[in-house]
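Subject: Structure for your review

Dear colleague,

Please find the sequence and structure below. My notes on what was found follow them.

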Amino acid sequence: LFEENVLIQELDHYVWREAARQIRTWKDELGFTVPVSVNVSRVNMYDANIVYTLLDIIEESKIEPADLHLEVTESAYAEDTEQIIETVKRLRSMSFQVEMDDFGTGYSSLNMLSTLPIDVLKLDMKLISTAFSGEKDTHMLEIIIEIARHISAPVVAEGVETEEQLTALREIGCDMVQGYYFSPPVPAEKFAGFLKDA
C-alpha cells in the first residue's frame, strides 16, 4: 500500500534518519560503531536523488556511510536490473554497504548473483526453514554459499531458530546468522544492554 501511494519514500527516509541517529547514540555511549541494516524500497531505488538523501542523513548524524547498511530486496534487483545495478554502483562508490535481502524468495537466479554488485547476501528465512524441514537437505544452501564465496560476498542466514540450524549453517560455511535463536526483535535500549554485556 505504501509503495502504491508513494508514502513508502517518506517512511524509508524516516527509518534511515532514526537508524543513523541510533548509530550515533550507541557510538557516543559505547565508544564503538554498531552498523545497522535498513531496507530500501523499490521506489527509492528509482529516485535519482537517493545518494544525496542518504549523504544528508549521514552528515546530520555524523556517522560514516559504511555504518548504515542498505538492504535491497532480491525482487527489486529482478525487476529493472539495469537501473538498480546503476544505483547500487553509485551507492557503493560512496562507501555504503549494499545487502541483497530475501534471497531465495522465488525470483532467484543463481546466475544473477555473479553479475550483481552486492556486499552481503542475506538468505530468506523461508529458504532456511525449507532446508531444515522434512529430510533436512542443506545442499542448495551449500551451493548458494559457495557462489557467494566466489564473488566475495559474506552470507547471512535469516530466521535461525534452533541450535541445530546454527551448527549446520556454521558447518557449511555461512558467515553470519540472525533470528529468534538469539533473540526476538527488541527496543534499542534493550539491545544496548546486550552490547554492554558482551
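In which kind of crossing does α3 pass α5, right-handed or left-handed? The model is a predicted one, and in it α3 passes α5 in a right-handed crossing.

Two packed helices are described by the angle between their axes and by the distance between those axes. For helix α3 (residues 50-61) and helix α5 (residues 81-93), the angle is about 30° and the axes are 10 Å apart. Since angles under 35 degrees count as roughly parallel, α3 is therefore roughly parallel to α5. On the α3 side, the contact involves I50, V51, Y52 and L54, which meet T87, R90 and L91 in α5. By class, this contact has 5 nonpolar, 1 polar and 1 charged residues.

Helix α1 (residues 7-30) packs against α10 at an angle of about 35°, with the axes 12 Å apart. Here too the crossing is right-handed, as α1 passes α10. In α1, the residues Q22, W26 and L30 meet A188, F191, A192, L195 and K196 of α10. The contact of α1 with α10 comprises 6 nonpolar, 1 polar and 1 charged residues.

Finally, I draw your attention to the largest pocket, which holds about 1,200 Å³ of space. Its lining consists of 31 residues, and K122, V177, Q178, G179 and F191 lie nearest the centre. The elements that each supply at least two lining residues include β1 (36-39), β2 (68-73), β4 (120-123), β6 (176-177) and α10 (188-197). By class, the lining has 18 nonpolar, 8 polar and 5 charged residues.

Yours sincerely

Conventions: Residues numbered from 1 in each chain as written. Predicted model: local features only at pLDDT ≥ 70, side-chain atom pairs only at ≥ 80, totals over all residues. Heavy atoms only, no water. 1 Å grid on protein atoms, 1.4 Å probe; cavity = no way out; pocket = protein on both sides within 12 Å on 5 of 7 lines; lining within 4 Å. Points joined across faces, edges and corners; volume = space filled by probe spheres on them. Helix = DSSP H or I, 4+ residues; strand = E, 2+ residues; numbered from the N terminus. Nonpolar A, V, L, I, M, F, W, Y, C, P; charged D, E, K, R; others polar. Axes fitted to C-alpha atoms, helices over the stretch in contact; angles between N-to-C directions. Parallel < 35°, antiparallel > 145°, perpendicular 65-115°, else oblique. Left-handed = near helix turned anticlockwise from the far one by under 90°. Contact = heavy atoms within 4.5 Å.
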